[in-house]
Amino acid sequence: MSPTGTADTDAVASARRASGRPKGADSAARRDEILTTAARVFSEEGYRGTSMSSLARACGLSLTGLLHHFPTKDALLAAVMAWRDAQDLALLGGPDREEPRGWAAVDRLVDLVQHNTRQPGMVRLFTTLAGEATAHDHPASSWLLEHHRLAEAKILRSFQEAAEDGRLLPGAPVESLARCLVAAMDGLQLQWLSDPDDDGSAMADDFAALVRTIRECWGR
């Protein structure tokens, strides 16, 4: 037997569907709403402090309705983080826009940091889960490791392209520079979020200064 109120809650949710709207489109829209809400709740409560029941309530769904889209909390977390990374990749360059190359790709990181100053909720989600995910038994542990590896690999590829174009000095410590840029992004975000008087402008300016310094030292 369904929990009290489950049928009524799902009926109300179904009634919200616009007349004539394809069911698949409605399901996709609902999935995006769930991801948006879950990102906010995870950022506020942390992964371990959030239950599927509380997530369902925040989404305006019954627990059964939420489980229909995401059968486990681990699956929902994985979807939220993949969604967040896809947003970042879209900004850095994707199939619908010209892929930047070399130093232009490194400069695009400054745009990403600037963009993040306008989405504190998503940045808080990352920093909250990143802190939790340093524990190797956390379900986001493998995601965090892969996230940093992919970010470093993307920056390293940009340096390699700059070298191929003759715009990087020989001997540049590209692997160290890639790790430092990723670390700077993470660390500046944490400083920003911890200071209630910081509007994020310092974070963007500081990261831009770091990129500029690296380019002045190793570019040509």
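Colleague: Which residues does S43 contact, leaving aside its neighbours within four places in sequence?

Modeller: S43 is in contact with G121, R124, L125 and T128, where contact means heavy atoms within 4.5 Å. This is a predicted model, in which local features need pLDDT of at least 70, side-chain atom pairs count only at pLDDT 80 or more, and totals for chains, interfaces and linings use all residues. Residues are numbered from 1 along each chain as its sequence is written, and side-chain values use heavy atoms, with hydrogens and water left out.

Colleague: Why does S43 count as buried?

Modeller: Buried means under 20% relative accessible area, exposed over 50%, and partly exposed in between (1.4 Å probe, protein chains only). S43 has 6% relative accessibility, so S43 counts as buried.

Colleague: What does the side chain of S43 reach?

Modeller: The side chain of S43 reaches the backbone oxygen of R40 at 2.6 Å. A polar contact is a pair of N or O atoms within 3.5 Å; within protein, one must be able to donate a hydrogen and the other to accept it, and residues adjacent in sequence count only if both atoms are side-chain atoms.

Colleague: Why is the pair of F126 and W143 called edge-to-face?

Modeller: Rings of Phe, Tyr and Trp (its six-membered ring) pair if their centres lie within 6.5 Å; planes under 30 degrees apart count as stacked, over 60 as edge-to-face and the rest as tilted. The ring centres of F126 and W143 are 5.9 Å apart and the planes are at 75°, so the pair is edge-to-face. The pair links distant parts of the chain, with F126 in helix α7 (residues 120-132) and W143 in helix α8, 17 residues apart. Helices (H or I, at least four residues) are DSSP runs, numbered from the N terminus.

Colleague: Why are F126 and W143 buried?

Modeller: F126 counts as buried because its relative accessibility is 2%. W143 is buried too, because its relative accessible area is 15%.

Colleague: Which residues touch the most other members of the largest nonpolar core?

Modeller: A nonpolar core is a set of buried Ala, Val, Leu, Ile, Met, Phe, Trp, Tyr and Cys residues joined through side-chain atoms within 4.5 Å. The largest has 28 residues, of which F42, L55, L66, L76, V80 and L125 touch the most other members. Helix α2 gives the most to this core, with six residues.

Colleague: Where does S43 lie?

Modeller: S43 is in helix α2 (residues 23-45).

Notes. Helices (H or I, at least four residues) and strands (E, at least two) are DSSP runs, numbered from the N terminus.
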